[in-house]
Amino acid sequence: MAALTDLSFMYRWFKNCNLVRNLSEKYVFITGCDSGFGNQLARQLVDRGMRVLAACLTEEGAQKLQQDTSYQLQTILLDVTKTESIKAAAQWVRDQVGEQGLWALVNNAGVGLPSGPNEWLTKEDFVKVINVNLVGLIDVTLHMLPMVKKARGRVVNMSSSGGRVAVIGGGYCVSKFGVEAFSDSIRRELHYFGVKVSIIEPGNYRTSILGKEGLETRMQKLWERLPPETRDSYGEEYFRIYTNKLKNTMQLAEPRIKDVTNSMEHAIVSRSPRVRYNPGLDAKLLYLPLAKFPTPVTDFILSRYFPRPADSV
């Protein structure tokens, strides 16, 4: 048994250390580089000597990243919810990479809000998140695929542990389940072209995806716009406990995002990238087990965490 464990460890170590050749000649296009995972990944890949094409939503974010890195990184403004913006970015990337194609597309752009109990949200709240996290990701991928196929490269999609088990209402988990499905289907299709697709499923990390406004303020706005009948059915106690639970979850978020960006980097530079990466102890010890337990068991465990509504039976 010990020998088998040693062989397994050595095999995994070899696969992790077996890197793609000529990385300094390869282009990587990353969305959502204003801050967080995308920003950190762009810096890491520049340090590796790769040619990074970083898409930012804001001019401020693009200028800051450009100033902090080298000539190997170029920036462009991109709104993944607008097809015209994506078309312009795709043409820009095509002009940069030429005939060698695009080695890696990293779909990182994402938002997490609005989130909360589903009944507290509107269709527009769901659409706001799904348009960025899922529809935008699909739109960017479809426009970049011809260049990725030419390079026989990689697609790296940012999902979440919330794409394996729905722990909160709103468009976030819905969109991440969609990312999982799209990534699985496109991975099987692109296998025949020599293109590899990886999915990143991090646990709870502290990034700007949760916005700048205070949690209590956001939840208070959701609560106050509800019809009196809905507020009465949940009760003030439910609102208070639910908000405190979310606040505690945010406070426990891991601030060191390097584990996530290291996983993304491995998916780009390794000759044997994994299909799924699960950075974070909570992803490995909590969310993945919850996703694999029988559904009644998962439901029971999650029901212990959130409060009971006033009108519960």
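This is a predicted model: local features need pLDDT of at least 70, side-chain atom pairs count only at pLDDT 80 or more; totals for chains, interfaces and linings use all residues.
Good morning. A residue is called buried when its relative accessible area is under 20%.

Helix H10 covers residues 258–269. Its 12 residues reach 16 Å from the first C-alpha to the last, close to the 16 Å expected. Most of the helix is covered, with nine of the 12 residues buried. Those buried residues are Val260, Thr261, Ser263, Met264, Glu265, His266, Ala267, Ile268 and Val269.

Let me take two of them in turn. Serine 263 has a relative accessibility of 12%, and therefore counts as buried. Beyond its neighbours within four places in sequence, serine 263 is in contact with Ile200, Tyr277 and Pro279.

Glutamate 265, at 11% relative accessibility, is also buried. Its side chain meets that of arginine 48 in a salt bridge, at 2.2 Å from N to O. Arginine 48 lies in the loop between helix H2 and strand S2, so this pair ties together parts that are 217 residues apart in sequence. Arginine 48 itself is partly exposed, at 36%.

That salt bridge belongs to a total of 15 in the structure. Which residue does the side chain of glutamate 201 meet in a salt bridge? The partner is arginine 164, at 2.9 Å from N to O. Glutamate 201 is buried, with a relative accessible area of 0%, whereas arginine 164 is partly exposed, at 26%. Both belong to a network of salt bridges that also includes Glu180, Asp184, Arg187 and Arg276.

Finally, the surface: Phe293, Val297, Phe300 and Ile301 form a nonpolar patch with about 340 Å² of accessible area together. Thank you.

Key
Residues are numbered from 1 along each chain as its sequence is written. Side-chain values use heavy atoms; hydrogens and water are left out. Helices (H or I, at least four residues) and strands (E, at least two) are DSSP runs, numbered from the N terminus. Buried means under 20% relative accessible area, exposed over 50%, partly exposed in between (1.4 Å probe, protein chains only). Contact means heavy atoms within 4.5 Å. The expected span of a helix is 1.5 Å times one less than its number of residues. Patches are made of residues with over 30% relative accessible area and no salt bridge: like charges are joined within 9 Å, nonpolar side chains (Val, Leu, Ile, Met, Phe, Trp, Tyr) within 5 Å. Accessible areas come from the Shrake-Rupley method with a 1.4 Å probe; for residues, only the protein chains shown count as cover. A salt bridge is a side-chain nitrogen of Lys or Arg within 4 Å of a carboxyl oxygen of Asp or Glu.
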